[in-house]
Structure formats: C-alpha cells, structure tokens
Amino acid sequence: MSVRKRSTAVVATLLSAGLASAVLVAVPAHADTVVSNGESVTSTGTLGNGAAPGGPVTRSQALQRAQDWVNNAVPYSPNSLQAPYGWWADSATGGRYREDCSGLISMAWQLPSSLITDTLPSVSTRLGSLNDLQPGDAINSAKHVVLFAGWTDSSHTVANVYTESGTAYPTRYTTYTRSYLDSLGYYGLRYNNITSGNPAPAATWKAQVFVEGGTNLFQATRESSNASWTGFGDVQAAANSIGGVHAVAAAGVDGDTQVVALGGDGRLYHAIRNADRTWKPFADMSGVTGGALTNVTQVAAVSVGTDLHILAVANGRVMHAIRHADGSWVGFGDVEGQAGQLGTVTAVAAASSQGELQVIAVADGKAYHTVRSTAQAWGQWGDVAAAAGGYSGPVSSVAMAGAGNDVQIVVTTDGGAHQYHGARFADATWQKFADLSSVLGPVTVTSVGAAGVNNEFQLAAVTSDNRVLHTIRHFDSSWDGAGAIDLTGVTGDHNGIAITGTLSN
C-alpha cells in the first residue's frame, strides 16, 4: 500500500484541463470520505452497471471509474500510509475504497475490497512486457501502482496513467515515461476478470486554439498524436453570432471545450463545443452571473475539476465567476475586495494546479499573483517581479497554465517587444523568469495564450506582423522552436488568441 512520489521534472498532471478541487467540483450524490481503520465495498455504483463487487469489468468501465475519481478530486488518505485511512464512496463508483494508489486500482477494477501493491497480483496476471499493456491494465511496483490509459506515442516511450500518489495531490491523470518505469522495475498486471475485447481508446488531450480575426472568431484543433492542425472554422457561424468578438477565453472541461467571448455589444457570452464537435450556442451570461459587467476589456477562463472559472477585467477591476458542472452559476464577485486593491488592471490570466485557482493580474505595468484555495479563500496579491525577478520593463500581457505540479507563466513587457518565461512551483517558490527570444525569435507579441495540454505547456502568440506562433515546453524543460500556424480560413487582423487542452477519447 506504499507509494512513491515522483520528481517534478517527470511528474505531469492535467491543466488545462487542471486538476479538480474537492471543495468546488459538483460531486455525485452520497460522495464523501470517511476516516476509519477499515470499510467494506457494498456497491460498484452506476458505472458498475449493476455488477456485484468482484464481477467482470470492461476496459472502458475501468477508465471511466478512474476518471470519476479525477473529476471529483478524490483526496489521498489523510494520514497517508498510517491508519486510520480515508475511504471514498460515490454513486458512480460505489465503494468504499481506500484512498491511495492500490485503492484506486481496486476501485477501477471494482474489486470486493481494497488490496495493496503486494496483493494485487493475486487477482491479476503479470504481463511479459510493458509493450503488452492495454487500457485498464495496471502498472505495478513494490511501492506504487497506477492504472494504464494508453501510450502517447507509437514507440511506447510515454504512458498516460491515472494515479493517487500522495497527500499533496488528489487523483490525477498524468504521464510516466518509459525510462522512469523501467528504472524502477514497474511491470504490467492484467486483472483476471477484465473484459479483453474492445479495448477502450486511450484518453488523450487535444489543443484547441481560438483566433480572433477582425471581429470574427475561428477555431482549430491540434491532435496530440501529431503536429498538424485542423483547418479553422468560423465559431460564430457554428455557435450563433454575438455581433463580433472582441476578447475570448477557453477551457477544456470534462471532455468539452467551454468558450467565453466578449460580444460586439460589450456583453459576455458563453458557449460549449461538445466532445462530438457540435456546439451549444452562445448565451448572454448576464442573466446567470448577476447582471452585465460594464467596460469589459479582457477575459480568462480555466477549469478547476469540472467547474469553469471565469476572470474578467471590468472597469479596471478583476471579477470572478464560476459555472458548475451541473450548469448552475456563481455570479461575478470582485476579487480585489478579497485579495487586496490594485491599480487599474489591464490584463488577467488564470491557471489551476493541485485543485487551486491561481490568477495573475497586470496593474500599472506590474504583475500581481494570488491563489484561491480549495477552501475558496483568496490570498493577498503578491508582486511577481519581487518574488521571481528576471524580467524588466512594464508588463503588457500575461499567460499561464498548470503543467506538471507547477504553474508555467509567460509575461510580455515593453508593449510585447520582450517575452519571458517563469514558473511558480507546487511548494509556492518561484523560478526566475528567462528571456524567450531563443524560442520565439525577435518578435513583438500583441496577444498571448497558454494551456496545459497532454501534461505539457503549450504557448500561442499573435505577433505584430499578423502571424500566430505556437510552441511547446515539454516536461523535461526543453522547448520546441516556435512554428507559425497555418491561418487559412481566418479573415481579418488577428487581434487576440486563446488556447486550451480538452480531454478526449
């Protein structure tokens, strides 16, 4: 039942997607943790399709059950490997199952009790090679076990996995490198009662980029398995016109892509691009968020679990709203009323990490950072330059995203003439900002967006010569050289950009 934490250079978690907060997400009925020395499994839940504990499970069910724990940010056992343990139950997965790595596997396989790493082999068959893994199998070692969801590449060098890996984080969908698995002696296990037919497709992350063209909005997708982008489609034609688009933000939420746009009438609108690529049309947000904001200049969006968090700059102040997974809303509230007063705010960005919402606002040429905790409390603004340093000049714009256990950040200064990258680590320390000219080249950036996609940091930027550049910072800290996205189909000047990751099968 023991676990092993991985180094932040190797561990990667969802961002874009970002990870869920146990406080903020909408959880199924009867979802909770109890702390005790032992609990029994009485049900496999609705995802068990009526099967008794210990009965057959399909590969698709195993992945869906693990994703339920991610969606609901199931915490690690509060006393770690010491009794009394935390035990989770919800209406989707039943339970109770112990909240640790082997408890996650026991739940995914809908076992009649929570086994440990040493006893999981008693209900499964050891595979000859990691190359034999199929989605729904486990990858086990003496100290830790994860649920395999698929390889990110045909060479089997990086595995997508579900994991419970320590009290610092809830259940996560992340990646392990093959070299890491081999170095620690991990091996594959196939549950003896898993249905081997029709293996479930591996869940992967796709980048969605939204480009403003004149007053129109266009969208394209980058498949995680290759470097190509789909052609751009007209969003207003698909999701109904809002009289032009003047600012846009997007976030992947539970398989869908949710879009917030500033319409030509100065109002904010919300739309959803469903996983099947159809659209729920733009709807005026003023009726669900406590009335229309005025003088909106920018908007940011990020998922925290299955909730959508929206930040807007209105009348020079930072406003915050939430759309829950059940479609209900929490209206806009003034962040500065809780995090402290700033000057006139001109830009805002948001990211999620470890179930928390992190925000950076630019006011009077300076960048300030705050955190909304899982307890829904805002911290006080802190000066980013004082905490991290490494950049100079007045800040023009900012983009940020969760990638790994950390938040990766890009700021532009001097009207976008200079671009810098830094990070805020999981332990609340900062990485000094470094010049990005070696990655982006000698450009002036007029708009910038960032996302965590397939556990890596992706950056998209509009340049003063009307190009859109895209690059990736991998979890080993290396960068791809920036490449220009083919903008065929995008009309008008490219005034703004948003990028997000969406989990998809």
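Visitor: Hi! Is Tyr-180 buried or exposed?

Guide: Tyr-180 is buried, with a relative accessible area of 11%. Keep in mind that this is a predicted model.

Visitor: Which rings does Tyr-180 cluster with?

Guide: Ring pairs link Tyr-180 with Tyr-176 and Tyr-186 in a cluster. Tyr-176 is buried too, at a relative accessible area of 1%, and Tyr-186 is also buried, at 6%.

Visitor: How are the rings of Tyr-180 and Tyr-186 arranged?

Guide: Their centres are 6.2 Å apart and their planes are at 35°, so the pair counts as tilted.

Visitor: How many aromatic pairs turn up in the whole structure?

Guide: A search of the whole structure finds 10 aromatic pairs. One of them joins Tyr-176 and Tyr-186: the ring centres are 6.3 Å apart with the planes at 70°, so this pair is edge-to-face.

Visitor: And where do Tyr-176 and Tyr-186 lie?

Guide: Tyr-176 is in strand β9 (residues 172–177), while Tyr-186 is in the loop between α3 (178–183) and β10 (187–191). The pair therefore ties together parts that are 10 residues apart in sequence.

Visitor: New topic! What sits over the ring of Tyr-187?

Guide: That's the charged end of Arg-126, which is 3.8 Å from the ring centre.

Visitor: Okay, helices now. How many residues does α1 have, and how far does it reach?

Guide: Helix α1 (residues 59–71) has 13 residues. From its first C-alpha to its last it reaches 18 Å, close to the 18 Å expected at 1.5 Å a residue.

Visitor: Why is α1 described as largely enclosed?

Guide: Because 11 of its 13 residues are buried, α1 is largely enclosed by the rest of the structure. The buried residues include Leu-63, Trp-69 and Val-70, along with Arg-59, Arg-65 and Asp-68.

Visitor: What is Trp-109 in contact with, leaving aside its neighbours within four places in sequence?

Guide: Its contacts include Leu-120 and Leu-147, and among the others are Val-57, Val-123, Leu-189 and Tyr-191. Trp-109 is also in contact with Ser-124, Gly-136 and Asp-137.

Conventions. Residues are numbered from 1 along each chain as its sequence is written. This is a predicted model: local features need pLDDT of at least 70, side-chain atom pairs count only at pLDDT 80 or more; totals for chains, interfaces and linings use all residues. Side-chain values use heavy atoms; hydrogens and water are left out. Rings of Phe, Tyr and Trp (its six-membered ring) pair if their centres lie within 6.5 Å; planes under 30 degrees apart count as stacked, over 60 as edge-to-face and the rest as tilted. Helices (H or I, at least four residues) and strands (E, at least two) are DSSP runs, numbered from the N terminus. Buried means under 20% relative accessible area, exposed over 50%, partly exposed in between (1.4 Å probe, protein chains only). A charge sits over a ring if NZ of Lys or CZ of Arg is within 6 Å of the ring centre and within 35 degrees of the ring normal. The expected span of a helix is 1.5 Å times one less than its number of residues. Contact means heavy atoms within 4.5 Å.
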